[in-house]
Amino acid sequence: MRADRLADRLVIMPDPQTNNRRLMRLYFAYRMVLAIGLLVFSISDTGPSFLGASAPDLHIITILAYLVLAIASLALSFFDLDSMKTEYAFAMLVDSITISILLYTSGGAPSGLGILLGISIAFGAQGMPTRIAMFSAAIATLAIFVGAYLESHFHGRPFDNLALLIMLGASYFALAFLSHELAARTQLSEKLVKQQGKDIADLTDLNDQVIHQMQTGVIVLDDQTRIRMLNDAAWQFLGRPISTVGYALDQISSDLAQSLKTWKKQPSSQQRHLHTHTEGNDLLVKFKYVGEDEKTGTLIFLDDASRAAEAAQQLKLASLGKLVASIAHEIRNPLGAIGHANQLLQESENLHGTDRRMTEIINRNTSRLNEVIENILSLSRQRAVKVERIRLDVWLNKLCKDMCNSHQLKSSQLITYVSPQETTLTFDPQQVLQIISALVENAVKHQQHKADDLLISLTGGMDSGIGEGYIEVIDNGNPIPSDIVDKVFDPFFTTSNQGTGLGLYIVKELCDANNIRISYLPIASGGNCFKLKFTPSITSNI
């Protein structure tokens, strides 16, 4: 599992079996060094004078035998014989017999050699069960008592070191118990640390899963504003860059980096509105230091402002929808009567000058009011979406010819381009036709000063990087001012005295109904671009 691998990186601990074998080899190495040291002291006469004083020959033979067995035990420990308990028990038995013989040949317990057996017990008890460790201590105690008895019997020395022997035996039991308990507690601590590392890894993995599934974008920056981590939502909001982690924020999004600099000059907990020019996304941005200051890094939270605005707008308009529709329906009948009466007045031969101009004003404004009513009623009776698979280039070419006729445009003023040419999208052709017609009509209406110089391009295709289909309506007119870009899709917002302010609002509603994301992108060289992005689940490229 991923958590297990992460726990291994957080806490590096040897396998218990490997650790026990390593301790056993260290113990066997100590025995070999001890045997070599005792042999050197005995042969070179550089050691204490009591070594081997009682039986020099037996002393040398015992040390040589001990050295051979120690070397053999160390060599065998490097083979995986799966018999550590047996190897430990055999080594303890050899040490007990050897040390007891050395005590016999070196003057007994007062020589201090009994301490060497205590070291062996301390080593061996770490790798043996409690019973075997205590049994080894008992054998060692018995061995030194037997050695003292034999020394007294064969050399006629008085048996007057009983208290020292008892203390030495008791120390063997204490060392065996304490050493075994220490080893057991150490292994338990290692298991706890390992488990805690796994728990931390599980929590880290859980946090990663939760963060990456959040619809709110999350970006973590270090103190140098380099990206340390970001979730999928943030990656989408930033325009799906190829590389992110380790890069400076201004390399990924200059707009967001500039907003961060502004916030650092005057930190606050309030959300900031950000319009990204690269993807045309409207974002709500919130900054927060990871720790107490900027030295520990910064957290950035990104939310889709359009979703928040849509939610607020739906709540605001839901209660008014039925009321507005009913009012529009009630206004329509008397408005029709006014228009009809005005037509009758215009047919009168007695109207001259100012009176006729008045009837023209009435006609113009009743037509405008009727258009508003038709738009409101069209929203209330919006039909269900009926999707079809559409060959995009063929559909756009036909659409282009129809709109050239309806908007009195030259064929050179309205062009199409699709890449790849064989792109096929799935959508409701009637409603998408209504969307594009409204956008083209909007361009023609607001760019009348361009006259024959107006150029509108309908481009489409498939984004190969993310498998997302798109259609763009691009014109070469004056760009929409940046201070009103966020309002162009709001109902009843217009910059024209002749406009109703419902054209782009209806476009946005139709896009939402068809699961199409629409965004406005200003063109650096001049002009406007409305981009329709179709979700990958309903697009294909054949």
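This is a predicted model: local features need pLDDT of at least 70, side-chain atom pairs count only at pLDDT 80 or more; totals for chains, interfaces and linings use all residues.
Numbering runs from 1 along each chain as its sequence is written, and side-chain values use heavy atoms, with hydrogens and water left out.

**Entry: strand β12**

I went to β12, residues 528–534 (strands are DSSP E runs of at least two residues, helices H or I runs of at least four, numbered from the N terminus). Seven of its seven residues are buried, so β12 is largely enclosed by the rest of the structure. I then checked which way the side chains go. Asn528, Phe530, Leu532 and Phe534 point one way, while Cys529, Lys531 and Lys533 point the other way, and all are buried. So where does the charged end of Lys531 sit? I found it over the ring of Tyr470, 5.1 Å from the ring centre (NZ of Lys or CZ of Arg within 6 Å of the centre and within 35 degrees of the ring normal). Arg31 also turned up over a ring face, that of Tyr27, at 5.8 Å from the centre.

**Entry: the sheet around it**

I traced an open sheet of five strands in the order β7-β9-β10-β12-β11, with mixed pairing (at least two DSSP bridges between two strands). Its edge strands are β7 (414–419) and β11, each pairing on one side only. Next I looked up the partners of β12. Strand β10 (residues 468–475) pairs with β12 in the antiparallel sense over seven bridges, and Gly469 has Phe534 of β12 as its bridge partner. Strand β11 (residues 516–522) also pairs with β12 in the antiparallel sense over seven bridges, with Leu521 opposite Cys529. The β11–β12 hairpin has five residues between the strands, and there Gly526 takes a positive phi near 110°. Over at β7, the pairing with β9 (residues 456–463) is parallel, over six bridges. Ile415 stands opposite Ser457 of β9.

**Entry: aromatic pairs**

My search of the whole structure gave seven aromatic pairs (Phe, Tyr or six-membered Trp ring centres within 6.5 Å; planes under 30 degrees apart are stacked, over 60 edge-to-face, the rest tilted). Phe427 and Phe534 have ring centres 5.5 Å apart and planes at 35°, so this pair is tilted. Phe427 lies in β8 (residues 423–427) and Phe534 in β12, so the pair ties together parts that are 107 residues apart in sequence. Both Phe427 and Phe534 are buried. Back to Tyr520 and Phe530: their centres are 5.3 Å apart and their planes at 55°, so that pair is tilted. Tyr520 sits in β11 and Phe530 in β12, 10 residues apart. Elsewhere, ring pairs link Trp263, Phe287 and Tyr289 into a cluster.

**Entry: helix α3**

Last stop was α3 (residues 56–77), which has 22 residues and reaches 32 Å from first C-alpha to last, close to the 32 Å expected at 1.5 Å a residue (1.5 Å times one less than the number of residues). Which residues of α3 are buried? I listed His59, Thr62, Ile63, Tyr66, Leu67, Ala70, Ser73, Leu74 and Ser77. Down the axis of α3 they fall within an arc of 140° (directions from axis to C-beta atoms), so they line one face of the helix. The face turned away from that buried side carries exposed Asp57, Ile61 and Val68.

Note on methods. Buried means under 20% relative accessible area, exposed over 50%, partly exposed in between (1.4 Å probe, protein chains only).
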